[in-house]
Amino acid sequence: MAKEKGGFWVGFAAVVFYPATAAMSRKRIEGGERVPSSGGVLVVMNHVSHLDPVYDAVFVHKQGRVPHFLAKHGLWNVPVLGSVLRGARQIPVYRGTADAQQSLRAAHEALEQGLLVIIYPEGTITKDPDGWPMSSRTGVARLALEHDVPVLTAARWGTRDVYDHYRRKFRPLPRKTVVTRVGGPVDLSTYRARPQSLGLLREVTDLLMGEVKGLLAEIRQEQAPDGFYSSRKV
């Protein structure tokens, strides 16, 4: 399979993102060689700061791949921003559609086209006060089960020290350390052989996010909590 070319907007983002992230932090990538050099790939990650896509784009680009993120389709209607998203071939998520499968149709198409797709299953930055992953949406399981592509889990830690949205704190100096750790491909063959159901989707989602949480615990050198944080009131 031919290597994907990023085009103007990906090159422009690289020119901006590389020096910006270098100015704010020291970056360390562990296991980056596990990212396949070509073909469809689904990368499942945690989400702690609005800066995450910037750092994750640099991480993926350094592995010789073009990153494709999922974002709300309404952003494609924003002047200038919509042009950038289309030019960089980012992926709209059609929330509010009656069919969950249709809401992710562009992401399915991207994987079929051999692109690398990054997904934050939590849907937004975590509300867990300690930064651990929240209970996640099951769309990630649909993508993982319906495509015969490598599914990688990865965790990144340190971006919230630079920008903490909930505390309204932006602290680029002194420079922080941002670490990204990539796990090996998750074997989902037994799950793909089972009939798809809501229970299966939840099981696979929690499996993948459990792997992400484990990687995050290794970076932080802390014991991860049981289960996943939920902001829902019981």
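Where is the place of Thr159? Thr159 sits in helix α7, residues 159-162. Helices here are DSSP runs of H or I with at least four residues, strands are E runs of at least two, and both are numbered from the N terminus.

A word on the model before I go on. This is a predicted model, where local features need pLDDT of at least 70 and side-chain atom pairs count only at pLDDT 80 or more, while totals for chains, interfaces and linings use all residues. Residues are numbered from 1 along each chain as its sequence is written, and side-chain values use heavy atoms, with hydrogens and water left out.

Back to Thr159. Its relative accessibility is 0%, so Thr159 counts as buried. Buried means under 20% relative accessible area, exposed means over 50%, and partly exposed is in between, with a 1.4 Å probe and protein chains only. What does Thr159 contact, beyond neighbours within four places in sequence? The partners are Val48, Ser49, Leu51, Asp52, Tyr55 and Val178. Contact means heavy atoms within 4.5 Å.

Now the sheet. It is open, with 7 strands in the order β1-β9-β6-β2-β5-β3-β4. The pairing is mixed. Two strands pair if DSSP finds at least two bridges between them. β1 (25-30) and β4 are the edge strands, each pairing on one side only. From one strand to the next, the twist averages 25 degrees.

Strand β3, residues 67-72, runs parallel to β4, and 3 bridges join them. Ala71 stands opposite Pro92 in β4.

Next, the helices on the sheet. Helix α2, residues 52-62, lies across β1, β2, β3, β5, β6 and β9 (176-185). α2 runs at about 50 degrees to β1. Axes are lines fitted to C-alpha atoms, for helices over the stretch in contact, and angles run from 0 to 180 degrees between N-to-C directions. α5 also packs on the sheet, touching β2, β3, β4 and β5. Its direction makes about 150 degrees with that of β4.

Ala57 is in α2. Ala57 is buried, at 10% relative accessible area. Leaving aside neighbours within four places in sequence, Ala57 contacts Phe17, Pro67 and Phe69. Ala57 and His68 are 11 residues apart in sequence, and 8.3 Å apart in space, C-alpha to C-alpha.

How do α5 and α6 meet? Their axes come within 11 Å and cross at roughly 30 degrees. That makes α5 roughly parallel to α6. Roughly parallel is under 35 degrees, roughly antiparallel over 145, roughly perpendicular 65 to 115, and the rest oblique. On the α5 side, Ala107, His108 and Leu111 meet Arg142, Leu143 and Glu146 in α6. Of the 8 residues of α6, 7 are buried, so α6 is largely enclosed by the rest of the structure. Among them are Gly139, Val140 and Leu145.

Last, the cores. A nonpolar core is a set of buried Ala, Val, Leu, Ile, Met, Phe, Trp, Tyr and Cys residues joined through side-chain atoms within 4.5 Å. The largest one has 38 residues. Leu42, Val44, Leu143, Val151, Leu188, Val204 and Leu208 have the most contacts inside it. Elements that each supply at least two residues include β2 (41-45), α6 (139-146) and α9 (198-220). The largest share, 10 residues, comes from α9. A second, separate core has 14 residues, including Ala57, Val60, Leu116 and Ile118.
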